[in-house]
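User: I am new to this structure and would like a short tour. Could we begin with the terms?

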Amino acid sequence: MEERGNGFLDRAFGADPDARKPPAPDPPEIGPFKRSFWKSPLRGPWLTSFTGSALLVAIVVCAVTGFLSHVAYETTLGENSVVLGDGPLTFLYEWLSWPAGWAYLYAVTQGMHVIFGVAAIPLLLLKLWSVIPKFFERPALRSLAHMLERTSLALFIGSALFLFATGLLNIQVWYPFGFSFVPAHYYASFVFVGALTLHLALKLPLVARSFREHGVVKPLGRNQTIHEDAEAHESVALAPDSATISRRGLVGAVAATSLGLAVMMAGQSIGGPLRRIALLAPRGQEYGTGPNAFQINKTARLAGIASADTGETWILKVAGSDQLELSRADLLALPQVTERLPIACVEGWSTTQDWTGIPLIALGRMVGGDSAETLLVQSLQESGSFSEVVLNRAQLSDSRSLLALKVNGADLSLDHGFPARIIIPGAPGVHNTKWVDRLTFGAV
Ligand SMILES: Nc1nc2c(c(=O)[nH]1)N[C@H]1C(S)=C(S)[C@@H](COP(=O)(O)O)O[C@H]1N2
Ligand SMILES: [Mo]
């Protein structure tokens, strides 16, 4: 006998095809619940498939670079963890160690995360627009399979909107919500990836059929009309109005918006003169003049750093198998190294400066800690997730990793971490601890 249910969920749960027949009572046929309410001739499986495919590319890049960012945080190294646990991927984080090698590694992966994430938003909105009539589908629940499909869709759209909203707010350095960004964004991504996988499994056959019937890009040609079956697809208008914009005009406008946003975000990721095109960059466009004129993540005042602690009495404590206390004058008397390195923030911006100071490995040698696997860095800052950090072996042993005392030839400003800060290649900005108080080789 021929299978009448559609999709593997029906088969898996043995839904009775007759159960799909609308049970009474239906929502009244008014407003958006009436199919004739939806009149755009552009809606249909092709537009949804095309937008969905473009969105999928952006989302995959965003997801991969997002999980890479979590790897970069080296959350399995003690103090670095900003989440309660790493969930199902813990083994991956234990296995992968973030390299120090390429100085711009994190600037690139996180820049891509933010660029593709922001550029995906117009695509997401277009895709949602293309299926609006389905949200008013009647009856709302037809069978167990239909209920599961709609639940997965609700989780999918809900988690997508949550991820995009929290990501955008984080880029804007605005935390109006009462929860912590990183764990929320991180755990929501698992819901999202799960729901996305299910959604793909359910919809890929539709996408393939639509592309086979109409071609992938052919409907974007000049004066192209396509005929889609309004009986089979809820999103296709039953009685379409004439178009107010061509299919190619709509897709073109959305693509241009995405591209424009991508260029803008790239402006702040790349930094330098390109920052000027970053119109939405929250850290402003101007930083005054002078060697310390570049963006500040958290000012000394916000971090609760008292200027008395950073004055003449400041002493750096260094520990390995031996212990040492060094004043800023002692540190300046040691051989200095200058390295050109970026700070690459999780928010997607980066800035490259010339830093001068003492290689961490040289300080390690002074206390018999140069073969340590980890370096615990503690700040004068007393609380907050960035007051302590643990660097891995690659980071502490790289000859470019510095305890920086100066930037661009001048003393660090208080806001940039005076009297001394960490600067290491390839890592997230959060690992470049400011106002360093204590270094412990092999503490963890
Ligand atoms: N002690 C301390 N160090 C810190 C931070 C902080 O809040 N406290 N912020 C970190 C973050 S998130 C970034 S991106 C860099 C930014 O350095 P900058 O403010 O000098 O640009 O500093 C890092 N070091
Ligand atoms: Mo940051």
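Analyst: Buried means under 20% relative accessible area, exposed over 50%, and partly exposed in between (1.4 Å probe, protein chains only). This is a predicted model, in which local features need pLDDT of at least 70 and side-chain atom pairs count only at pLDDT 80 or more, while totals for chains, interfaces and linings use all residues. Residues are numbered from 1 along each chain as its sequence is written, and side-chain values use heavy atoms, with hydrogens and water left out.

User: Is Cys 62 buried or exposed?

Analyst: Cys 62 counts as buried, at 15% relative accessibility. Cys 345 is buried too, with a relative accessible area of 6%.

User: How many disulfides does the structure hold?

Analyst: It holds zero disulfides (pairs of cysteine sulfur atoms within 2.5 Å). For Cys 62, the nearest cysteine sulfur is that of Cys 345, 16 Å away.

User: On to ligand 1: how many residues surround it?

Analyst: There are 18 residues around ligand 1 (a heavy atom within 4 Å of it). The closest are Asn 297, Gln 381, His 416, Arg 421 and Lys 434.

User: Which oxygen or nitrogen distances involve His 416, Lys 434 and Ser 379?

Analyst: A polar side-chain atom of His 416 lies 2.6 Å from an oxygen atom of ligand 1. For Lys 434, a side-chain N or O atom is 2.5 Å from an oxygen atom of the ligand. In Ser 379, a side-chain N or O atom is 3.3 Å from a nitrogen atom of ligand 1.

Note on methods: Chains are lettered from A and ligands numbered from 1 in the order in which they are written. A polar contact is a pair of N or O atoms within 3.5 Å; within protein, one must be able to donate a hydrogen and the other to accept it, and residues adjacent in sequence count only if both atoms are side-chain atoms.
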